[in-house]
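Good morning, and thank you for making time for this presentation.

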Amino acid sequence: MSNPLKARIAASDDFPRIIRMVRDFYVEDEILYQPGLVEPGLRSLLENARHGAVLLLSSDDVAEAGYITLGWCFSVEQGGRFVLLDELYLTPAARGRGWGRRALDLARDWAAAQGAAVIRLEVNHHNARAKKLYLSAGYRDDARDILTLSLGDSAPGLHP
């Protein structure tokens, strides 16, 4: 590959360029952009390595090739801490070059270097192209649905 895709760990001052790509990604993937959730979440990830990392993708001829958000999670079933590949976005200029697979390799390399044994991800049902890429890269379909409960400002039940 003469002009390989590269990654670097993003810093807080990368927020404006990443959030532009996040907005583009959400429009393309039909994800509701909620600035009151997304923006503080991204800032937290950029400012605290304990949460994970954002990898900024580039090459010599594509300065903004995309980004990957990687976050730490915990699961007994997975043996403890694992990495959630939360978002993977390639800009239009970066597509069609085989870089989706390369981006997955970069995410895997980061996770392995951090001591993770497992990476998990989710893909929208309407995004068959992304699912095909993930399956071809060795990810498996666990035949499960992700369900979400918003706790809002207060969670009934357990209290500290």
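Let me begin with the naming of elements: helices (H or I, at least four residues) and strands (E, at least two) are DSSP runs, numbered from the N terminus. This is a predicted model, in which local features need pLDDT of at least 70 and side-chain atom pairs count only at pLDDT 80 or more, while totals for chains, interfaces and linings use all residues. Residues are numbered from 1 along each chain as its sequence is written, and side-chain values use heavy atoms, with hydrogens and water left out.

I start with helix H3, residues 99-113. The expected span of a helix is 1.5 Å times one less than its number of residues. For the 15 residues of H3 this gives 21 Å, and the end C-alpha atoms are 21 Å apart, in agreement.

Which residues of H3 are buried? I use buried for under 20% relative accessible area, exposed for over 50%, and partly exposed for values in between (1.4 Å probe, protein chains only). The buried residues are Trp99, Gly100, Ala103, Leu104, Leu106, Ala107, Trp110 and Ala111. Viewed down the axis of H3, they fall within an arc of 155°, so they line one face of the helix; the arc is that of the directions from the helix axis to the C-beta atoms. The face turned away from this buried side carries the exposed residues Ala112 and Ala113.

Contact, in what follows, means heavy atoms within 4.5 Å. The cover over the buried residues of H3 includes strands S1 (6-9), S2 (52-58), S3 (66-75), S4 (80-90) and S5 (119-121), together with helix H4 (128-136). Just after H3, glycine 115 has a positive phi of about 95°.

How do H3 and H4 pack? Their axes are 10 Å apart and meet at an angle of about 55°; axes are lines fitted to C-alpha atoms, for helices over the stretch in contact, and angles run from 0 to 180 degrees between N-to-C directions. That makes H3 oblique to H4, given that angles under 35 degrees count as roughly parallel, over 145 as roughly antiparallel, 65 to 115 as roughly perpendicular and the rest as oblique. Gly100, Arg101 and Leu104 of H3 make the contact with Leu133, Tyr134 and Ser136 of H4.

I turn now to H2 (35-47). This helix has 13 residues and reaches 17 Å from its first C-alpha to its last, close to the 18 Å expected at 1.5 Å a residue. Its buried residues are Val38, Leu42, Leu45 and Leu46. Down the axis of H2 these lie within an arc of 100°, so they line one face of the helix. On the other side of H2, Gly36, Leu37 and Glu47 are exposed. H1, S2 and S3 are included in what covers the buried residues of H2.

Next, the backbone. Most residues other than glycine have a negative phi. Glutamate 30, in the loop between H1 (15-28) and H2, has a positive phi near 60°. With 63% relative accessibility, glutamate 30 counts as exposed. Alanine 143, in the segment after H4, has a positive phi near 55° and, at 71% relative accessibility, also counts as exposed.

Finally, is threonine 91 buried or exposed? This residue, in the loop between S4 and H3, is buried, with a relative accessible area of 9%. Leaving aside neighbours within four places in sequence, threonine 91 is in contact with Met21, Val62, Glu64, Ala65 and Gly66.
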